[in-house]
Amino acid sequence: MAVVFKKPNALTDKPTHYCPGCTHGIVHRLVAECIDELGIEGKAIGVAPVGCAVMAYDYFSCDMIQAPHGRAPAIATGVKRSLPDSFVFTYQGDGDLAAIGTAETIHAAARGENITIIFINNAIYGMTGGQMAPTTLPSQVTQTSPYGRNVNEVGYPIKMCEMLSTLDGATYLERVSVDCVKNVNATKRAIKKAFQTQIDGKGFSLVEVISTCPTNWGLSPNAALDWLRDNMIPYYPLGVYKDSTSDKEEK
Amino acid sequence: MKGNEALAEAAIQAGCTRFFGYPITPQTELAAYMAKRLPKIGGVFLQAESEVSAINMLQGAGAAGVRAMTSSSSPGISLKAEGISYMAGADVPGLIINVQRGGPGLGGIQPSQADYWQATKAPGHGDFHILVFAPNSVQEMVDLVSHAFDLSDNYRVPAMILADGLLGQMMEPVEIKSSDEKVELPKKQWATCGHNNEREHNIVNSLFLQANELERVVRERFERYKVIEENETMCEKYMTDDADYIVVAFGATARVAKAAVKDARAKGIKIGLVRPITLWPFPKEELKEVAVNAKSFLCVEMNMGQMVEDVKLAIDCSRPVEFFGRTGGVIPTPAEVLEQIVKLSGGEQ
């Protein structure tokens with residue numbers, strides 16, 4: 001019988017712990033498909049964050065390191081600078097990347113580290129039960145903004161792709177979403193392009209994936225996808241924020 | 001050669017090819033030396049955006065299986081505490097140099113030994129130890145660097161050279177074993193360097209959500225610590241055979257103490273010196289041995305007496321343990337220590 005659909009080799013057989021309707025599973029699969037298609041599992045080293053994806057080290061079948069909260073880009077730097085021929089990616093959430101790890105993210109980009117970051121932005125801290133994140137939208141209710149995010153008190157969300165696009169060191173930055181089939185396909189293209197940027201030795205690449213957290217948003221999976229489309233995409237417009245792959249010389 | 005530069009060259013000769021650091025006084029020359037030397041030998045010097053990043057870059061390099069180091073001074077080591085704990089928890093080797101200065105807080109930039117507790121008791125959160133070496137000369141710093149790298153690799157435990165601003169800034173003649181041959185490093189089957197489709201994936205990780213599993217992992221590590229305590233403890237004993245009184249001092253302070261011991265001997269006081277070279281593991285047995293014939297002990301340190309409790313515990317509080325120290329960056333003089341020794345011996349000369 002012909003196999004028409006199967007699990008990518010770059011994913012292990014371990015069942016994930018993600019909540020029903022969470023989009024981490026989709027992004028894991030897309031990352032794994034790209035690793036398979038580019039034939040890089042053997043030289044890949046992934047860096048897992050602290051947050052919902054902390055146990056990604058059990059789900060990807062390449063070598064994996066679990067980083068302290070926010071430090072994945074620094075760990076990835078240490079690996080890549082030690083093994084320049086390896087393929088190094090981090091997989092991080094918004095609290096990890098845009099709050100406690102802001103410095104690590106910005107400076108890895110500024111240095112033009114030849115690594116790839118997969119950035120899951122779901123506007124909330126998922127693992128700890130739904131606290132306000134640096135990407136939580138104005139007026140969004142979370143456990144630690146129970147009356148809605150008051151921008152006069154706690155300021156505004158951080159738009160990472162826009163901010164990083166000002167850095168000469170960053171080579172490829174794209175924001176995508178996994179809310180529908182069309183966007184899932186676009187996300188895969190973005191991840192593959194980012195991975196190819198690293199393989200070509202052209203420096204820092206990051207793909208920001210607008211994602212859902214039905215559990216902590218208090219919505220059904222479908223309603224969460226609607227909320228994403230109605231609220232997140234207008235605030236975080238999708239698109240390529242930086243592409244200097246054709247200008248950059250191979251490292 | 002200046003102490004800081006000697007540390008750097010010794011690391012290179014020991015096969016260290018990756019250095020990650022952040023500027024801080026008084027370790028400055030070490031990083032500057034690495035910035036000059038490493039690119040010439042195909043290595044990597046990288047100035048990180050913070051001490052936090054530098055220790056995590058070290059963790060990444062260590063996990064990738066290469067020999068790497070970071071260096072800092074006291075306030076910077078506090079920032080590295082998180083990464084040191086993660087390295088210990090994931091059994092990642094690596095060398096951390098602390099060229100100590102006065103504290104707490106921003107403190108000062110003069111020599112100090114006030115990070116003894118931090119290095120030996122709590123270099124980060126959780127149940128763990130790191131190897132801590134306390135050299136007392138530029139030559140010993142050089143010799144301990146390669147030894148520290150080897151033990152760190154063999155036991156998969158992070159190692160620290162606990163130097164101070166005095167040793168870092170001091171110029172002394174030094175012999176560094178240099179060889180044109182590449183240093184043969186031990187094979188690291190556990191390293192995350194890409195499985196090349198030839199083995200199962202390796203995971204470098206310190207997360208164990210099941211309490212029983214975490215307990216098992218920590219206990220296994222403490223079994224390793226027991227082996228280290230039995231085999232890797234280092235200390236120097238000087239004129240202790242017939243000693244009625246014992247001075248205990250480590251690092252640069254031990255040089256001052258040794259001069260005072262010589263002066264006291266000239267006065268007829270039967271005194272000796274025990275100098276712990278490893279601060280963890282601490283030379284408990286050696287201290288217990290000298291306590292059999294000694295009447296009392298004197299700890300001399302550049303801090304407020306952080307080692308005293310370890311000496312008391314080592315000798316089961318069987319003898320009085322006095323303390324003399326200067327802190328804040330003040331270096332004790334041999335005359336000051338001699339005065340304390342005379343006092344300790346009850347004036348008998």
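**Chain contact and a helix pair**

Visitor: What stands opposite B:Ile203?
Guide: A:Met64. This is a predicted model: local features need pLDDT of at least 70, side-chain atom pairs count only at pLDDT 80 or more, and totals for chains, interfaces and linings use all residues. Residues are numbered from 1 along each chain as its sequence is written, with chains lettered from A and ligands numbered from 1 in the order in which they are written.

Visitor: How many residues does each chain put into the contact?
Guide: Chain B puts in 33, chain A 29. Contact requires C-beta atoms, placed from the backbone, within 7 Å.

Visitor: Which element of chain B gives the most?
Guide: H3(B), with 9 residues on the side that touches chain A.

Visitor: New topic. How do H1 and H6 of chain B pack?
Guide: H1 (residues 3–13) and H6 (residues 138–155) of chain B pack at about 25°, axes 8 Å apart. Axes are lines fitted to C-alpha atoms, for helices over the stretch in contact; angles run from 0 to 180 degrees between N-to-C directions. H1(B) and H6(B) are therefore roughly parallel (under 35 degrees; over 145 is roughly antiparallel, 65 to 115 roughly perpendicular, the rest oblique).

Visitor: Which residues touch?
Guide: Among them, B:Leu7 and B:Ala10 of H1(B), and B:Met141 and B:Val145 of H6(B).

Notes:
Helices (H or I, at least four residues) and strands (E, at least two) are DSSP runs, numbered from the N terminus. Two residues are in contact if their C-beta atoms, placed from the backbone, lie within 7 Å. Two strands pair if DSSP finds at least two bridges between them.
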